[in-house]
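Here is a walk through one predicted model, chain by chain and contact by contact. Have the structure open as you read.

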Amino acid sequence: MTEGSNTDFLLAVEGLTVSFDGFKAVNNLSFYVDENEIRVIIGPNGAGKTTVLDLICGRTKSTDGSIRFKNKEITRLKEHEIVKVGVGRKFQNPSVYSDLTVFENLEISYPKGRSVFGSLGFKRTETVINKIQEIAGRIYLSDQLDVQADLLSHGQKQWLEIGMLLIQEPQLLMLDEPVAGMSVSERQQTALLLKEIAKQQTMIVIEHDMQFVAEIADKVTVLHQGQILAEGSPEKVKSDPKVIEVYLGH
Amino acid sequence: MMPFNHMKDYLTRQEALSFAVLALVLLVLLPLSLDVMRLNQVGKYLSFAFVAVGLVLCWGYGGILSLGQGIFYGLGGYAMAMYLKLEASSPQNTLIQTTPGIPDFMDWNRITELPWFWEPFYSLTFAIIAIVVLPSIVAYLIGVAMFKRRVGGVYFAIITQSIAAILTILIIGQQGLTGGINGITDLRTLKGWDIHTDVANYVFYFLCVFLLFVCLLIAQFIKKSKTGRILIAMRGQEDRVRFSGYDIANFKTFVFVVGAAFSGIGGAMFTLQEGFMSPSFVGVVPSIEMVIFCAVGGRLSLVGAVYGALLVNIAKTTFGETFPELWLFAMGLIFIGIVLGLPNGLAGVYSTWLAPKVDEMLNRLLGHEKQNQEIYTSIPIVKQGVVS
Amino acid sequence: MAQSKDLGKGFKLNRRHFLAAAISAAVMLSTTPMMALADKPATADVNTTGLAVTDDTVTVGILHSITGTMAISEEGSVQAEILAIEQINAMGGVLGRQIQYIQEDGASDWPTFADRSRKLLRQDNVAAVFGCWTSASRKAVLPIFERFNGMLYYPTFYEGLEQSPNVIYTGQEATQQILAGLDWISNEKSAKSFYLIGSDYIWPRTSNKIARIHIEQHLGGSVVGEDYFPLGHTSFNSVINRIRLRKPDVVFASVVGGSNVAFYRQLKAAGLDMSKEDFTLLTISVTEDEILGIGGENIEGAYASMKYFQSLDNENNDAFVKAFKERWGENAVIGDVTQAAYLGPWLWKAAVEAAGSFDVDKVREASPGVELTTAPEGYVRIHENHHLWSKTRIGEAQRDGQFKVVYETDDLMEPNPFPAGYQ
Amino acid sequence: MFSDFSTAELMAIFAMQGFAGLILFAVFILMALGLAIIFGQMGVINMAHGEFMILGAYVTYLTSTLFSTHAPDLFGAYFFFAIVFAFFAAALLGALVEWSMIRFLYHRPLDTLLATWGLSLILQQAYRSIFGAREVGVVIPDWLMGSYQLTDMIEVPINGIFVMCLALAATVFVITLMYRSRWGMQVRAVVQNRQMAGAVGINSAKVDRMTFALGCGIAGVAGSAFTMIGSTGPSSGQLYIVDTFLVVVFGGAGSLLGTVASAFSISQSQSILEFFMGGSMAKVLTLLIVVMILMFRPQGLFSLKVRR
């Protein structure tokens, strides 16, 4: 296991490797994310994008390498501990609690009463309700608080999940394909939302839609076969011949 | 903003009604209409309701299907029985034994000294604590070992089932220490008070109902707290909950322990009302039957679980007394029918067909009060085709 | 021991009464109802405690498992009890009253037994209950019979260590069954070393305890192994290897239920053939009932020690076997417990008639000394301790599933549920 | 404890003990193979598995009576027919059960457990009503009884050898079917991605039915073999269910090789422990060890580490 070095970056990934029965899904990967940056990861299917997010948030344990968040080694922490240091994660398929209302979905994500007995004693105070209503406003769901999450549209579920991250107040949000399945207008709203978020928080986004990527990204990382193919501003990456070869096509 | 009245948060009007009706049935209707023998029978069925209520939390809400609830029911029952057996085995009562003063089955197995783990059961206080704590500790150990390693679903069911099988073989095999397959029988008095009299039957029945309501209210509290919503959330989206910063294993362990403690109380109530405890409650078959009580009542309804335990047992007795051969057919069909057709059990039938009418009636009766819709709160159901 | 050789004579009821003395076994089995000879006593006189007795009927209970794992074993007992009741009714009933029975299912579950017995005694107010099979079910109902003063006729051979005023034990207790068997095999086969094997519960363990003491202290032999297996266990190859290693003169087996089938088949398959000279097995748990499942060819040559075999050659038994087959089919077999269950209603009838009352207290008082000369097993008499004086016999299992009786004790064995020196 | 015996005796005993372990191994394999297919490949928890085995046993019983009354000359060979009949009877019932209830429950694995438990109650009572509560004795042809004298001291039971051969044949059959046949490929395709399999033209409903029927059919064969060593009664099936599930889970669901390995390790440890400490404690200890290992390694002995 390599030890990461101290950096000014919010997130520093160094030498990250994971293998599934010999297949290296992520191979000696290093990249760094600044505070308040929107980093977009792109790449062909099977490039290891989702796996990278899984590794950072602790869902998959790495074989080698280091992940440091605010100079704190988080590689061996458990998922809920990683959440507590300030990393939030949205999944590829919107995963909201379909049996619960939008309000309850957000309430569960509210970062208080996370222990068993804490949650037993948790009260729906004015502060909690206000916070939930504020977040609901930001994710365009103010009118849907009473609706069971199951009944939301696909795009609304994506927003709800983003909202569930926001209410945790993480410093780093990791979003796996946040606009998949959204209409054009929803995409625009989402782009607005993400830009708004980026004023205070850092984001790693996985996305395929190059137009959307160009709209939001500060920096783009292109993954291919578990390794970095290219990195830089959207324009730079777009014109990179290697990227065009393996991903964007001619 | 709507004011959040905590009492209303805790019990909605419908829920308050169902608790009241249950109380009416158990405290007034049944005691008035049944003779003491039948009431005693009902009391014993209610001891299974403790398990079923615990299962609503574990299985219905937490998605943890335990096929080993008999372990905890048995532990509670045995803890109670051990105390009563020691009281029944006073040296005067056991003069004909080779070693007077120890339980008869120990004497038959040529044990001459009370085993160390029996000693503390001379104390009623210890026994009462053990009834709750012993199952909780065992459940905690199983829960931590399994849930921390993310064993769940089917695997958890099979492993708990195996543990129940192990415990049964152990109890039966170590008969010198446990009474073996006979169980601990011939219990007579509690602090000198005859436990088989009609008065005792009444007292234990009401005690049983009282404790059941205590458990129901605790369960209701858990269900209505954020813990309850986290449990529902966990059922479908375990990862999401984890990435909202919760340690899922702790929550699962918690409900499992609560379910175990309830079961332990149920077991003890059985021992008191029946006058003996038998390993036949510990094994795989009774454990699965307990799940059935819960499923029939509706795996998400606390009150439903009580009715489930009552109705299945009453049906079993009536059928068993009249057409014993048909009973297994009927029971089998009930299982299949409930699972295929009514995944929400009787409670589901009620909430689909009757609840709206009852609500309407209440509105008319109470007139002015606008229906107190549970704000922002969902009504959980088990959907066909949802992973449970 | 004074015993009647006059088997055809019928019931001898304590000499004071002479109600049914002339009824022969043949008549007993006929289907034409016969009126009792004496005048019918008034209900108020014969029933002072509110039992279910009318001017024409008396109600009793039958409580066995007809579902669940024990149904296999208890089926025969139910059949025998019903047969006995029907025969008694055909003879005119008890004290001029026809017996009606309420049958309850214990469902192989001890708490259910307790529940049903409470119902029979408190709700149905039955005059007597014929039932239970396993010790566990008897232990479960015992406090209930004692509290509500019922009378239970319990048919199974069992471990002893019990003597309840509310139970008549119509099967043998352990010493009756075991001691004579061990004595015989030790003499006949010059057996010195024994291997004890049983299912893991109280009866086999107690039986083996008694057997071990008898072998070590009275027969001068030794026990070279003692093993127990969970109920329902089906792989015995390891213990069979141990038996091979220890080379005992006799294997003493009290394996029960489904395990029996596995045990004997695997013994046979392993080449430990009981029909040959070099391997001897004495069982106290295999009756004709069990052989149905085991298969005669697998257990041929084993010895069983109990009080009754279907092949017993006497008039009573011939009539009994014939009646049983007529009632329950030509293929029915009768084991030791089935016969003991058959005795229950007859013993109760005799005691009731001796007492002149259905009252449980009076029946209990009249019971000791009640004798039955028409018992299929021969002559039995109720001891002061509520068990039966009976003979013990050794049967050799035959290929056709029957036993050949090779030995019978000269005298009746005294029941001794609390055997001094064997505890 | 061995001091009283000669080396030769000890060697013989150990050889026979090893063989006893192998017989138990074969028994476990037969029990678990069908379940491994149903549970491992389909995720269905079939609590009525034991009852399907008993169905095979009853079919064997019926076949034996049929042969002894109508074709006594062929009695020696009836067992082979019985195995085939048992397979088809159990498979047919399996297909019926799949069609009438299992197919509605694929998304609710825990509910399959409850429904099949109900089914097992019904089957038990049906057996009891049809065949009576008593156990039925299946007459085994003479050539299958007795033992084969390997050396002076070592004897091996012939029916044990037969069961082992049957277990071997069944394992080879299943593995070939699953990994070498086109049908097996379809089954595995459906397991991995139901929708995709459907999209490429696999009739997944039919595959499910056949898979379930195959698992039940093998249970029937197991039941047929068990008539030689165990008992055949209405509730005999219940005895096997806990062991069977443990074998499958311990091996790692979805891995047939794992099932074989787990059957081997559980049977050997049980057989060895039994020799030293008697049946009850051996059973407790074996189950306990398995449960402990499962707590530390919930995925079982063999399982593929896969990307989620």
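Nine of the ten residues of helix H8 of chain C are buried, so H8(C) is largely enclosed by the rest of the structure. Buried here means that 20 or more other C-beta atoms lie within 10 Å of the residue's own, while exposed means 12 or fewer and partly exposed is in between, with C-beta atoms placed from the backbone. Which residues of H8(C) are buried? They are C:Asn237, C:Ser238, C:Val239, C:Ile240, C:Asn241, C:Arg242, C:Ile243, C:Arg244 and C:Leu245. Just after H8(C), C:Lys247 takes a positive phi of about 45°. As for the labels, helices (H or I, at least four residues) and strands (E, at least two) are DSSP runs, numbered from the N terminus.

A quick word on the ground rules. Residues are numbered from 1 along each chain as its sequence is written, and chains are lettered from A and ligands numbered from 1 in the order in which they are written. This is a predicted model, where local features need pLDDT of at least 70, side-chain atom pairs count only at pLDDT 80 or more, and totals for chains, interfaces and linings use all residues.

**Who touches whom**

Two residues are in contact if their C-beta atoms, placed from the backbone, lie within 7 Å. Five pairs of chains are in contact, and chains C and D share the most contacts of these. Chain A and chain C, on the other hand, do not touch, and their nearest C-alpha atoms are 38 Å apart.

The contact between chains C and D takes 35 residues from chain C and 39 residues from chain D. On the chain C side, the elements giving two or more residues are helix H3 (71-90), strand S7 (222-229), helix H8 (237-246), helix H9 (258-269) and helix H10 (288-294). That side of chain C divides into 13 nonpolar, 14 polar and eight charged residues. For these classes, Ala, Val, Leu, Ile, Met, Phe, Trp, Tyr, Cys and Pro count as nonpolar, Asp, Glu, Lys and Arg as charged, and the others, Gly among them, as polar.

Chain C also meets chain B, with 31 residues from chain C and 29 residues from chain B. Here strand S2 (98-105), helix H4 (110-123), helix H5 (135-147) and helix H7 (202-218) of chain C each give two or more residues. H4(C) supplies the largest share of this side, eight residues. By class, the side of chain C that touches chain B has 14 nonpolar, five polar and twelve charged residues.

Chain C has an open sheet of three strands in the order S11-S12-S13, with antiparallel pairing. Strands S11 (371-375) and S13 (388-389) of chain C stand at the edges, each with a single partner strand, so one side of each is left without a neighbour in the sheet. Two strands count as paired if DSSP finds at least two bridges between them, and S11(C) and S12(C) (residues 378-382) pair over three bridges. C:Glu371 has C:Arg381 in S12(C) as its bridge partner, and C:Leu372 stands opposite C:Val380 in S12(C). A hairpin joins S11(C) to S12(C) through two residues. Is S11(C) mostly covered or mostly open? S11(C) is mostly covered, with five of its five residues buried.

**Over to chain B**

Chain B comes to 16 helices and two strands. Its radius of gyration (taken over C-alpha atoms) is 22 Å, close to the 21 Å that the globule rule gives for 388 residues, so chain B is as compact as a globular protein of that length; the rule is 2.2 Å times the number of residues to the power 0.38. Buried residues make up 57% of the 388 residues in chain B.

Axes are lines fitted to C-alpha atoms, for helices over the stretch in contact, and angles run from 0 to 180 degrees between N-to-C directions.

| Helix pair | Axes come within | Crossing angle |
|---|---|---|
| H14(B) (302-322) and H15(B) (324-341) | 6 Å | roughly 145° |
| H3(B) (36-61) and H13(B) (284-297) | 8 Å | roughly 70° |

By class, the contact of H3(B) with H13(B) has ten nonpolar, one polar and no charged residues.
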